[in-house]
Amino acid sequence: MHYYDVAPIKIVRAGSDYFTYCSEQVLQIGQLVTIPVGKLLLTGVVIKHTRKPAYDTRAVTSALDIPPLPNPLLKTALWMARYYAAPLATTLQTILPRGLAKKRRAAAYSRQTISRNRTHYLLNKDQQAAVDALTQRTNGTALLHGVTGSGKTAVYITYAKHIMAQQKSVIILVPEIALTSQLIAEFEQHFSDILLTHSQQTESARHQIWLNALQSTIPRIAVGPRSALFLPLTHIGAIIIDEAHEPSFKQDQSPRYSALRVAATLGAHHGAPVIQGSATPLINEYYLATHTNSSIITLPRRAQAAPPPHVDIINMTSKTNFVQHRFLSDSLLARITVSLEHKQQILLFHNRRGSASTTLCTNCGWSAICPRCFVPFTLHIDKHILQCHICGNTAPVPTSCPDCHETDIVHKGIGTKLIELEIRKLFPHATVARFDGDTAAAHTLEKRYQELYDGTIDIIIGTQVVAKGLDLPHLGTVGVIQADAGLALPDFMARERTFQLLSQVVGRVGRTNQQTNVVIQSYQPHDETIRTGAAQDYAAFYTTELARRRKSHFPPFTYLLKLTCIYKTEKAAINNAQILAKKLRTDYPNLYIFGPTPAFYERQRDTYRWQIVVKSPTRTTLLNIIAQLPPTRWQYDIDPMNLL
């Protein structure tokens, strides 16, 4: 009889990640099995061999007829559970597909094919130097810092060919499903049978792709968002993270892991280097790279010689700049008109969806508020509804005030739907498309990418999804409706996010021999973040922001822990938050402990949320605090990407 510690993929008992079972047959580490737990039959993962315990054990029911998980992936899962203080069952749910024990019918998974103009790459001197530097690495993390348009994708493809020639697989992570189509289109000209996984696929399709990776005996290219990191490829030779600065690489549900950190661990277990590609690297990552043995590889120039875009920063406080329209400046309208005449595309960026952000009565001051979350409803004029962007709650658009019964109802604020409506009025003959969180599934950026690439869509309107890494060869003008919208957020990452978005959206143009233009509208045109973002001056922004972080004791100079309590009543949330804060200050007198304060969104889905923020010079101390949290009503996020 053989004995094994097996971890079920469902939480059985708090604090117990795995249990001992016996088996007459020899099992492999990483083997997926079915085990009895109480009256249930659960799927589990064999973690390790163990000795016969002093108590009686139940027998493993059966072993699933699939190969065991690769040892590096299993080790990474165990590390994630420790590093992020998450139950191992929750971590295993993250790395394994749903319905693991289900029998699936083999079905061919079809996807949209994208045609591209380029068929081969001729690397310039900077790109070749970057490839040479990468091929000399055998492990660790390298930061590929290339300006927008510097040809990072060409470097990825050439480097991937080098890895594949060594009979090893390559994982490429992208921040958005929308960018997957673009990257796949580039890679499919050089590699066949690419593994593609993302959340919009069916459960069955994702399961089949996962099994394909597990059973594959040849090196593969795998592409997808952060979940692609857990495709069970046996021999991984490199992990490439494109647009590595994006917040979507941090999961916001337990285990709240960073794909950048997990990739570094998975790469270490495989003996594979990790490449973080970005024009605007995270300050934490850049600082880490400069203070460790990580290398920073630069692509300081654009891949193709092209005139830089002409950038105008428009002061939104001056009404003389807005004679023709209330929120589209005269300069922007002129640029749009010229670009349309020259058959060039226009991209208008605004990081707020909907039609108007506030609905109020000018007579008595009443405002339309979500009764579940206590935040203003957003008007969606196309559906003629008010919607809460936190819980999704909807309400009819009022024709009169429910308090004073007057009809003086106004809608204020700018959203992408309002921009689309106004642009269609001003340019009725242009083909206009909007891309944001409200876009119908059949018309997403991913589905319409070929139209964007070919230039058949004249004016593109969208939130941050259109600002990230898109290659639009026909783009002539970029307009930013309100560049400083994110600066007012009470978060240590607000300036960095604003700089990244601005720098990235400016980088969508200036890639052809034609003159291109950027019009940035801002209420704070002289703000340092706006100026450096418009100029794409990463070095200047990094220097000033790092000094600000050092002075205020924020990462990379400290570790952060965000604790949030959730109760049905405000009184219970406040009382329990105060009790924990008092205990923490007593037990950890040398730490920076802030709060308790209401969370940025204090009320969500009929619950109240109060939070405590802890800063510590050591991460272990924060893990100790997590271990002492009450078992219910508290959520924690270690190394949070924001404090909102």
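Rings of Phe, Tyr and Trp (its six-membered ring) pair if their centres lie within 6.5 Å. Planes under 30 degrees apart count as stacked, over 60 as edge-to-face and the rest as tilted. The structure is a predicted model, and by this rule it has 15 aromatic pairs.

**Exercise 1.** Classify the pair formed by Phe-230 and Tyr-257, and state which parts of the chain the pair ties together.

*Solution.* 
- The centre-to-centre distance is 5.6 Å and the angle between the planes is 70°. An angle over 60 degrees counts as edge-to-face, and the pair is of that kind.
- Phe-230 is in the loop between β10 (221–224) and β11 (236–242), while Tyr-257 is in the loop between β11 and α7 (259–270), so parts 27 residues apart in sequence are tied together.
- Phe-230 has a relative accessible area of 2% and is buried; Tyr-257, at 1%, counts as buried.

**Exercise 2.** Classify the pair of Phe-499 and Tyr-538, and find the cluster that contains these residues.

*Solution.* 
- The ring centres are 6.2 Å apart and the planes lie at 50°, so the pair is tilted.
- Phe-499 belongs to helix α12 (residues 494–506) and Tyr-538 to helix α14 (residues 538–552), and the two are 39 residues apart.
- Both Phe-499 and Tyr-538 are buried.
- Ring pairs join Phe-499 and Tyr-538 with Tyr-286, Phe-541 and Tyr-542 in a cluster.

**Exercise 3.** Determine whether the faces of strand β7 are covered or open, and identify the strands that pair with β7.

*Solution.* 
- In a regular strand, side chains alternate between the two faces of the sheet.
- One side of β7 carries Thr-141, Leu-143 and His-145, and the other carries Ala-142, Leu-144 and Gly-146. Each of these residues is buried, and both faces are covered.
- Strand β12 (residues 274–278) runs parallel to β7 and is joined to it by 5 bridges; here Leu-144 stands opposite Gly-277.
- Strand β13 (residues 295–299) also pairs with β7 in the parallel sense, over 5 bridges, and Leu-143 stands opposite Ile-296.

**Exercise 4.** Name the residues of the nonpolar surface patch that includes Tyr-601, and decide whether Tyr-601 is buried, partly exposed or exposed.

*Solution.* 
- Leu-489, Phe-600 and Tyr-601 make the patch, which covers about 250 Å².
- Tyr-601 is in strand β26 (residues 592–604).
- The relative accessible area of Tyr-601 is 36%, so this residue is partly exposed.

**Exercise 5.** Which rings have Lys-615 and Arg-619 over them?

*Solution.* 
- The charged end of Lys-615 is over the ring of Phe-554, 3.7 Å from the ring centre.
- Arg-619 lies over the face of Tyr-84, 5.6 Å from the ring centre.

Terms used. Residues numbered from 1 in each chain as written. Predicted model: local features only at pLDDT ≥ 70, side-chain atom pairs only at ≥ 80, totals over all residues. Heavy atoms only, no water. Patch = residues over 30% accessible without salt bridge, like charges linked within 9 Å, V, L, I, M, F, W, Y side chains within 5 Å. Areas by Shrake-Rupley, 256 points an atom, 1.4 Å probe, with all protein chains shown as cover. Salt bridge = Lys/Arg side-chain N within 4 Å of Asp/Glu carboxyl O. Helix = DSSP H or I, 4+ residues; strand = E, 2+ residues; numbered from the N terminus. Buried < 20%, exposed > 50% of the residue type's maximum accessible area, 1.4 Å probe, protein only. Pairing = 2+ DSSP bridges. Lys NZ or Arg CZ within 6 Å of the ring centre and 35° of its normal.
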